[in-house]
Amino acid sequence: MKRGPKKMLPTEKLARGTFQACRDADIQIIESDGMPQMPDWLTPEGEEVWQDNVGRVSQKLVSEADSNEFANFCVLQGGIVKAIRAGEMPPVAAFAEVRKKAEMFGIAGPRSRMVAGAPKAPASNPFAKVGRRGS
(Lines give C-alpha, C1' and ligand atoms only; values in the text may rest on other atoms or scores of the structure.)
Protein backbone atom coordinates (compact mmCIF):
# COMPACT_ATOMS: atom_id res chain seq x y z
CA MET A 1 0.00 0.00 0.00
CA LYS A 2 1.42 3.38 -0.98
CA ARG A 3 1.52 6.44 1.21
CA GLY A 4 -0.84 9.28 0.56
CA PRO A 5 0.21 12.71 -0.64
CA LYS A 6 2.31 14.95 1.60
CA LYS A 7 0.49 17.41 3.81
CA MET A 8 0.20 20.90 2.36
CA LEU A 9 0.35 24.23 4.16
CA PRO A 10 -2.94 26.14 4.54
CA THR A 11 -1.58 28.93 2.31
CA GLU A 12 -0.87 26.41 -0.46
CA LYS A 13 -4.36 24.98 -0.07
CA LEU A 14 -5.86 28.47 -0.32
CA ALA A 15 -3.93 29.08 -3.53
CA ARG A 16 -5.14 25.79 -5.05
CA GLY A 17 -8.70 26.27 -3.83
CA THR A 18 -8.71 23.12 -1.69
CA PHE A 19 -8.73 24.81 1.74
CA GLN A 20 -11.39 23.44 4.09
CA ALA A 21 -11.94 25.45 7.25
CA CYS A 22 -13.14 22.42 9.21
CA ARG A 23 -9.83 20.62 8.59
CA ASP A 24 -7.21 23.28 7.97
CA ALA A 25 -8.18 26.28 10.13
CA ASP A 26 -6.47 25.07 13.33
CA ILE A 27 -3.10 24.29 11.75
CA GLN A 28 -0.34 26.55 13.02
CA ILE A 29 3.03 26.74 11.33
CA ILE A 30 5.89 27.74 13.61
CA GLU A 31 8.62 29.65 11.83
CA SER A 32 11.93 30.50 13.39
CA ASP A 33 12.73 34.16 13.76
CA GLY A 34 16.46 34.10 13.12
CA MET A 35 19.33 32.82 15.21
CA PRO A 36 18.54 31.13 18.52
CA GLN A 37 19.52 32.97 21.68
CA MET A 38 22.22 31.42 23.84
CA PRO A 39 20.88 30.85 27.37
CA ASP A 40 22.70 32.50 30.26
CA TRP A 41 22.99 29.24 32.21
CA LEU A 42 25.50 27.60 29.86
CA THR A 43 28.86 26.60 31.29
CA PRO A 44 31.98 28.19 29.74
CA GLU A 45 32.72 24.93 27.91
CA GLY A 46 29.09 24.75 26.80
CA GLU A 47 29.38 28.28 25.40
CA GLU A 48 32.38 27.17 23.32
CA VAL A 49 30.38 24.26 21.91
CA TRP A 50 27.42 26.59 21.24
CA GLN A 51 29.59 29.03 19.28
CA ASP A 52 31.15 26.21 17.28
CA ASN A 53 27.88 24.53 16.26
CA VAL A 54 25.05 27.08 16.29
CA GLY A 55 25.61 27.98 12.64
CA ARG A 56 25.05 24.38 11.59
CA VAL A 57 21.79 23.92 13.46
CA SER A 58 20.19 27.38 13.40
CA GLN A 59 17.78 26.45 10.57
CA LYS A 60 16.69 23.32 12.44
CA LEU A 61 15.89 25.09 15.73
CA VAL A 62 12.28 26.17 15.42
CA SER A 63 11.02 26.80 18.93
CA GLU A 64 12.32 27.61 22.39
CA ALA A 65 12.13 23.91 23.27
CA ASP A 66 14.53 23.13 20.41
CA SER A 67 16.93 25.82 21.61
CA ASN A 68 16.87 24.39 25.13
CA GLU A 69 17.53 20.90 23.81
CA PHE A 70 20.49 22.24 21.81
CA ALA A 71 21.73 24.02 24.95
CA ASN A 72 21.53 20.70 26.83
CA PHE A 73 23.65 19.15 24.08
CA CYS A 74 26.19 21.96 24.44
CA VAL A 75 26.43 21.60 28.22
CA LEU A 76 26.87 17.84 27.94
CA GLN A 77 29.50 18.11 25.21
CA GLY A 78 31.21 20.88 27.21
CA GLY A 79 31.32 18.59 30.26
CA ILE A 80 33.04 15.93 28.18
CA VAL A 81 35.58 18.48 26.93
CA LYS A 82 36.21 19.75 30.48
CA ALA A 83 36.79 16.22 31.80
CA ILE A 84 39.17 15.35 28.97
CA ARG A 85 41.13 18.60 29.47
CA ALA A 86 41.44 17.70 33.18
CA GLY A 87 42.87 14.29 32.25
CA GLU A 88 39.78 12.38 33.39
CA MET A 89 37.65 9.91 31.49
CA PRO A 90 34.02 11.06 31.11
CA PRO A 91 31.25 8.47 31.56
CA VAL A 92 30.52 6.40 28.47
CA ALA A 93 26.83 7.25 28.84
CA ALA A 94 27.70 10.91 28.24
CA PHE A 95 29.34 10.01 24.93
CA ALA A 96 26.30 7.99 23.89
CA GLU A 97 23.89 10.79 24.78
CA VAL A 98 25.97 13.41 22.95
CA ARG A 99 26.04 11.18 19.87
CA LYS A 100 22.25 10.82 19.96
CA LYS A 101 21.70 14.56 20.32
CA ALA A 102 24.23 15.35 17.58
CA GLU A 103 22.43 12.99 15.23
CA MET A 104 19.11 14.55 16.20
CA PHE A 105 20.39 18.00 15.18
CA GLY A 106 22.14 16.70 12.07
CA ILE A 107 25.62 17.61 13.33
CA ALA A 108 26.90 14.03 13.20
CA GLY A 109 25.83 10.69 11.85
CA PRO A 110 24.49 9.68 8.45
CA ARG A 111 22.11 12.65 8.13
CA SER A 112 25.01 15.10 8.43
CA ARG A 113 26.72 13.50 5.43
CA MET A 114 23.70 13.63 3.13
CA VAL A 115 24.02 16.08 0.26
CA ALA A 116 20.86 17.87 -0.86
CA GLY A 117 21.47 17.38 -4.58
CA ALA A 118 23.02 13.93 -4.41
CA PRO A 119 22.18 11.60 -7.28
CA LYS A 120 19.57 8.99 -6.51
CA ALA A 121 19.70 5.30 -7.29
CA PRO A 122 18.86 4.34 -10.87
CA ALA A 123 15.14 3.89 -11.51
CA SER A 124 15.54 0.71 -13.55
CA ASN A 125 15.94 -2.57 -11.74
CA PRO A 126 18.25 -5.01 -13.55
CA PHE A 127 16.66 -7.91 -11.64
CA ALA A 128 13.05 -7.02 -12.42
CA LYS A 129 12.56 -9.96 -14.79
CA VAL A 130 14.03 -12.56 -12.45
CA GLY A 131 11.42 -15.17 -11.69
CA ARG A 132 9.13 -14.25 -14.60
CA ARG A 133 9.17 -16.77 -17.40
CA GLY A 134 8.19 -15.98 -20.91
CA SER A 135 8.78 -12.25 -20.62
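Biologist: Where is the place of Thr18?

Modeller: Thr18 sits in the loop between α1 (10–16) and α2 (21–24); helices here are DSSP runs (H or I, at least four residues; strands are E, at least two), numbered from the N terminus. This is a predicted model, in which local features need pLDDT of at least 70 and side-chain atom pairs count only at pLDDT 80 or more, whereas totals for chains, interfaces and linings use all residues. Residues are numbered from 1 along each chain as its sequence is written, and side-chain values use heavy atoms, with hydrogens and water left out.

Biologist: Why is Thr18 called partly exposed?

Modeller: Buried means under 20% relative accessible area, exposed over 50%, and partly exposed in between (1.4 Å probe, protein chains only). Thr18 has 42% relative accessibility, and therefore counts as partly exposed. Not counting residues up to four places away in sequence, Thr18 touches Lys13 and Asp24, where contact means heavy atoms within 4.5 Å.

Biologist: What makes Cys22 exposed and Cys74 buried?

Modeller: The relative accessible area of Cys22 is 72%, so Cys22 is exposed. For Cys74 the value is 0%, so Cys74 is buried.

Biologist: How many disulfides does the structure hold?

Modeller: The structure holds zero disulfides, a disulfide being a pair of cysteine sulfur atoms within 2.5 Å.

Biologist: How many aromatic pairs are there, and why is the pair of Trp50 and Phe70 called tilted?

Modeller: There are three aromatic pairs. Rings of Phe, Tyr and Trp (its six-membered ring) pair if their centres lie within 6.5 Å; planes under 30 degrees apart count as stacked, over 60 as edge-to-face and the rest as tilted. The centres of Trp50 and Phe70 are 4.9 Å apart and their planes stand at 55°, so this pair is tilted. Trp50 belongs to helix α3 (residues 44–57) and Phe70 to helix α4 (residues 64–85), so the pair ties together parts 20 residues apart in sequence. Trp50, at 3% relative accessibility, counts as buried, as does Phe70 at 0%.

Biologist: Why is the pair of Phe70 and Phe73 called stacked?

Modeller: Their ring centres lie 5.9 Å apart and their planes are at 25°, so the pair is stacked. Phe70 and Phe73 are three residues apart in helix α4, and are therefore separated by about one helical turn. Phe73 is buried, with a relative accessible area of 3%. Trp50, Phe70, Phe73 and Phe105 form one aromatic cluster.

Biologist: Which residues is Asn53 in contact with, leaving aside its neighbours within four places in sequence?

Modeller: Asn53 is in contact with Phe70, Phe73 and Ile107. Asn53 lies in helix α3 and has a relative accessible area of 8%, so Asn53 is buried.

Biologist: At what angle do α3 and α4 pack, and what makes α3 oblique to α4?

Modeller: α3 and α4 pack at about 130°, with their axes 8 Å apart. Angles under 35 degrees count as roughly parallel, over 145 as roughly antiparallel, 65 to 115 as roughly perpendicular and the rest as oblique; α3 is therefore oblique to α4. Axes are lines fitted to C-alpha atoms, for helices over the stretch in contact, and angles run from 0 to 180 degrees between N-to-C directions. Among the residues that meet are Trp50 and Asn53 in α3, and Phe70 and Cys74 in α4.

Biologist: What makes α4 oblique to α5?

Modeller: The axes of α4 and helix α5 (residues 92–105) come within 10 Å and cross at roughly 140°, and that value makes α4 oblique to α5. Residues including Phe73 in α4 and Phe105 in α5 meet here.
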